[in-house]
Amino acid sequence: MNRDVFEEYPIDWKRYSYNEVFSTITDYVANGSFATLKENVTYKNEKDYAVVIRVKDYTSNFKKDFIYVDEHAYNFLKKSKLEPNDIIISNVGAIGTVFKVPDLKQPMTLGPNSILVKTNHHNEFIYQLLKSPLGQKKLLSITSTTAQPKFNKTDFKSIICYLPTLSEQQKIAAILTSVDEAIEKSEQIIEQTETVKKGLMQQLLTKGIGHQNYKQTLIGDVPEEWEVVKFKDICRIVNGQVDPKKSPYSEMLHIGNANIEKFTGRLLACKSAKEEGQISGKYLFDENHILYGKINPHFGKVAFPKFKGLCSADIYPIETDKRLLPSFLKYLLMSSRFISYTTSVSGRTGIPKVNRTDLDAFLIVVPTLEEQNKIVDIIESVETRINYDEEKLSELYKIKQGLMQQLLTGKVRVQINEDEEVPS
């Protein structure tokens, strides 16, 4: 077996430095001094000749807020021109971010804080290697520990790897790419179902189920049978705090804003007040309380834990009267109408926050309890589907990680037909 600092490899895999693996290793500043770059390159927000590709564009899935340069700047930046499927690696800040350049149907050039690499080996195999836990470890091994993590091209070129033949690279890449495709399809299904859920919530929480007659109200037309009341007339925010250092409160689970997932209503892993070392006063909630995160209301943090516990002073525990199901209130507080309202009234201080007075004034629609139950059942059925698809997606990610570990180190070998033509 061949050895390096991180792994063992089959004896027939060849040793390379990244300087040998990549025919091109370049970046934005390779085009000239800061003075000449400033003189020749001006970024523009309006569409122009070429798109400047940044890590930010990758994280937003290349959907918005591009910046551009004119044709002169594009030609000046000739050392970092991009083609579809070129590999980009962030080398400042978000170390380890690796992505392929999409085909945006217009000229593209590399932005700062990243490096562009091109290889004479199998492009997809090298891409998978760079994104793998092994490839990430090697990038981190050359990263500085300063306030702004970064690595330089010289250290990058010195990284050592072991590679199989081009035919084996092709086979391994094909296997890993097939899992990537399954992951992408699962992500698309989840995104589409989330869109369906939002549309259903908008329809059900304003128009209900099967109504023919509507009445005009301050929040628009709603079914005639529905009440429209102020929050304070049907809900109550819990008052008074308890000491999380004392029993039995110290043993109860504590929920803070960080334990509530944005927009979904999901609770993330939480610990007892004692385990977290909580010392300041907390609110006590029970099985019937809805928890609403009043800080940064645009994040839509709402949860229905259905158990007894403690919550942060930045969370309102809310109880409803007998006309309103807690589960129905949960979806009302996750609705676009509520988030728009709370966002609009929360911007008067440095940290956006919803106060009790503004919350009390919010208008709540109140269908019959029977219809509330039906609406909750419909929305929960969609959430169940989303949860199922997300579990499948999580399994696919685990499969991908396992395959990377096995295939990219040669622990598991693939069958090779040496007569096959190897695409790049």
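Predicted model: local features only at pLDDT ≥ 70, side-chain atom pairs only at ≥ 80, totals over all residues.
A disulfide is a covalent bond between the sulfur atoms of two cysteines. The cut-off for calling one is a pair of cysteine sulfur atoms within 2.5 Å.

Cys235 is in no disulfide, and the nearest cysteine sulfur, which belongs to Cys311, is 15 Å away. Cys311 is also without a disulfide partner. For Cys311 the nearest cysteine sulfur is that of Cys270, at 11 Å. As for where these two side chains sit, Cys235 has a relative accessibility of 6% and counts as buried. Cys311 is buried too, with a relative accessible area of 0%.

Next, the aromatic rings. How many aromatic pairs does a search of the whole structure find? The search gives 14. A pair of aromatic rings is described by the distance of the centres and the angle of the planes. I will go through two of the pairs.

One is Tyr18 with Phe22. Their ring centres are 5.4 Å apart and their planes stand at 85°, so this pair is edge-to-face. The cut-off behind that word is an angle over 60 degrees. Tyr18 is buried, at 2% relative accessible area, and Phe22 is buried as well, at 4%. These two residues belong to an aromatic cluster, which is made up of Tyr18, Phe22, Phe151 and Phe156.

Another pair is Tyr58 with Phe99. Is this one stacked or edge-to-face? The centres are 4.6 Å apart and the planes are at 10°, so the pair is stacked. Planes under 30 degrees apart count as stacked. Tyr58 is in helix α3, residues 55–59, while Phe99 is in strand β9, residues 98–100, so the pair ties together parts that are 41 residues apart in sequence. The two partners can also be described by their accessibility. Tyr58 is partly exposed, at 30% relative accessibility, whereas Phe99 is buried, at 1%.

Staying with rings, there are two lysines to point out. Lys100 lies over the face of Tyr127, at 4.8 Å from the ring centre. Lys262 lies over the face of Phe299, and the distance from that ring centre is 4.7 Å.

The crossing is left-handed. Which residues of α10 meet α13? They are Ser327, Phe328, Lys330 and Tyr331. On the α13 side, the residues they meet are Gln372, Ile375, Val376, Ile379, Glu380 and Glu383.

Nine of its nine residues are buried, so α10 is largely enclosed by the rest of the structure. The buried residues include Pro326, Leu329, Leu332, Leu333 and Met334. Lys330 is also among the buried residues of α10, and Lys330 is one of the residues that meet α13.

The other crossing is between helix α5, residues 123–131, and helix α8, residues 166–207. Here the axes come within 8 Å and cross at roughly 60°. Is the crossing of α5 and α8 left-handed or right-handed? It is left-handed. From α5, the residues in contact are Glu124, Phe125 and Gln128. They meet Gln169, Ile172, Ala173, Leu176, Thr177 and Asp180 in α8.

Last, some points about the backbone. Most residues other than glycine have a negative phi, and most peptide bonds are trans.

Ser247 and Pro248 are joined by a cis peptide bond, with omega at about 5°. Pro248 is in the loop between β16 (235–237) and β17 (254–255).

Asn113 has a positive phi, near 70°. Where does Asn113 lie? It is in the loop between β10 (108–110) and β11 (114–119). Asn113 is partly exposed, with a relative accessible area of 45%.

Asn296 has a positive phi of about 50°, although it is not a glycine. Asn296 lies in the loop between β19 (290–293) and β20 (302–303). At 23% relative accessibility, Asn296 counts as partly exposed; the cut-off for buried is under 20%.

How values were computed
Residues numbered from 1 in each chain as written. Heavy atoms only, no water. Buried < 20%, exposed > 50% of the residue type's maximum accessible area, 1.4 Å probe, protein only. Phe/Tyr/Trp six-rings, centres within 6.5 Å; stacked < 30°, edge-to-face > 60°. Helix = DSSP H or I, 4+ residues; strand = E, 2+ residues; numbered from the N terminus. Lys NZ or Arg CZ within 6 Å of the ring centre and 35° of its normal. Left-handed = near helix turned anticlockwise from the far one by under 90°. Contact = heavy atoms within 4.5 Å. Axes fitted to C-alpha atoms, helices over the stretch in contact; angles between N-to-C directions.
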